[in-house]
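Here is the note you asked for on this model. Please look at the sequence and the structure first, and then go through the points in order.

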Amino acid sequence: MALPLLLPLLAVGPASAAEPAPLPLPLGSVRSVHPGDTLTVTAVSGQAVNGDTINSPVLQKAGRMRMTAPRLTAAVTIACDARPGTYPLTLTSAGAARPAEHAAPWAHIRVEPADEAARRGCRNKVKKMPPPDREEHWAAHTT
C-alpha cells in the first residue's frame, strides 16, 4: 500500500546525483577546502548586517551577506588557482570607507593541494556554476 507514496521519490533519482550542498562556514570556524568548493558563510543577528562583504585572497570573488531568514548568508567559491595553505576569511562592514583597514576576522580556510587535472576540472565546474542568488528572504514580521 505504501508503494504509490514511494514512486515519486524513486523518480527523482539517488541523492548522490545532485550537486553537493555548499559547506557551512560559521563565525570562528576552520574548514578544509579544495579549489572550486563553494562555502556558505552564515551569520546570526549581531554578527553581521545585510550588505557586509566576505573576502579572502583565495576566493574567486568576494561574497555579499544577504538575508535568508533567519540568518544572513553569503556564498563564496574557492578560486581554481588557490595554493595550499591556511588563509583568513574576513568580514568588512557595508559602510566601511577603507575596507582593507576595517576587515574583521571571520574564519579560516585550509586549502588542500590539487594537481593540474583537478584544477582543470575546477575551471570547468566554475564555468558551469549559476550566478549567485541575489534574492533575499526576510521574516514575515520584518518591515
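1. Basis of the note. This is a predicted model, in which local features need pLDDT of at least 70 and side-chain atom pairs count only at pLDDT 80 or more, while totals for chains, interfaces and linings use all residues. Residues are numbered from 1 along each chain as its sequence is written, and side-chain values use heavy atoms, with hydrogens and water left out.

2. The chain as a whole. The chain holds two helices and nine strands, where helices (H or I, at least four residues) and strands (E, at least two) are DSSP runs numbered from the N terminus. Read from the N terminus on, the order of the elements is α-β-β-β-β-β-β-β-β-β-α. Of its 143 residues, 32% count as buried; buried means under 20% relative accessible area, exposed means over 50%, and partly exposed lies in between, with a 1.4 Å probe and protein chains only. The chain exposes about 9300 Å², and carbon and sulfur atoms supply 59% of that area, as computed by the Shrake-Rupley method with a 1.4 Å probe, where for residues only the protein chains shown count as cover. Among contacts (heavy atoms within 4.5 Å) between residues at least 6 apart in sequence, 61% join residues at least 24 apart.

3. Strands of a sheet pair through backbone hydrogen bonds, either parallel or antiparallel. Here an open sheet of five strands has the order 2-9-8-4-5, with mixed pairing; two strands are taken to pair if DSSP finds at least two bridges between them. Strand 2 and strand 5 (63–64) stand at the edges with a single partner strand each, so one side of each is left without a neighbour in the sheet.

4. Pairing around strand 9. Strand 9 (residues 104–111) pairs with strand 2 (residues 30–33) in the parallel sense, over four bridges. Within this pairing, Arg 31 has Ile 109 of strand 9 as its bridge partner, and Ser 32 has Arg 110. Strand 8 (residues 85–92) runs antiparallel to strand 9 and is joined to strand 9 by seven bridges. Arg 110 of strand 9 is also the bridge partner of Thr 86.

5. How much of strand 3 (residues 38–43) is buried? Six of its six residues are, and the cover extends to both faces, with Thr 38, Thr 40 and Thr 42 buried on one side and Leu 39, Val 41 and Ala 43 buried on the other. Strand 1 (residues 23–26) pairs with strand 3 in the parallel sense over four bridges, and Leu 23 stands opposite Leu 39 there. Strand 7, by contrast, runs antiparallel to strand 3 and is joined to strand 3 by six bridges, with Thr 77 as the bridge partner of Thr 38.

6. Helix 2. Helix 2 (residues 116–128) has 13 residues and reaches 19 Å from its first C-alpha to its last, close to the 18 Å expected at 1.5 Å a residue, the expected span being 1.5 Å times one less than the number of residues. Arg 119, Cys 122 and Val 126 are buried in this helix.

7. The disulfide. A search of the whole structure finds one disulfide, defined as a pair of cysteine sulfur atoms within 2.5 Å. The bond joins Cys 80 to Cys 122, with an S to S distance of 2.1 Å. This pair links distant parts of the chain, 42 residues apart, since Cys 80 lies in the loop between strand 7 and strand 8 and Cys 122 lies in helix 2. The link is left-handed, with -80 degrees about the S-S bond, and both Cys 80 and Cys 122 are buried.

8. Thr 68. Thr 68 is found in strand 6 (residues 66–68) and is partly exposed, with a relative accessible area of 24%. Leaving aside its neighbours within four places in sequence, Thr 68 is in contact with Thr 73 and His 137. The C-alpha atoms of Thr 68 and Glu 135 are separated by 8.4 Å, although the two residues are 67 apart along the chain.
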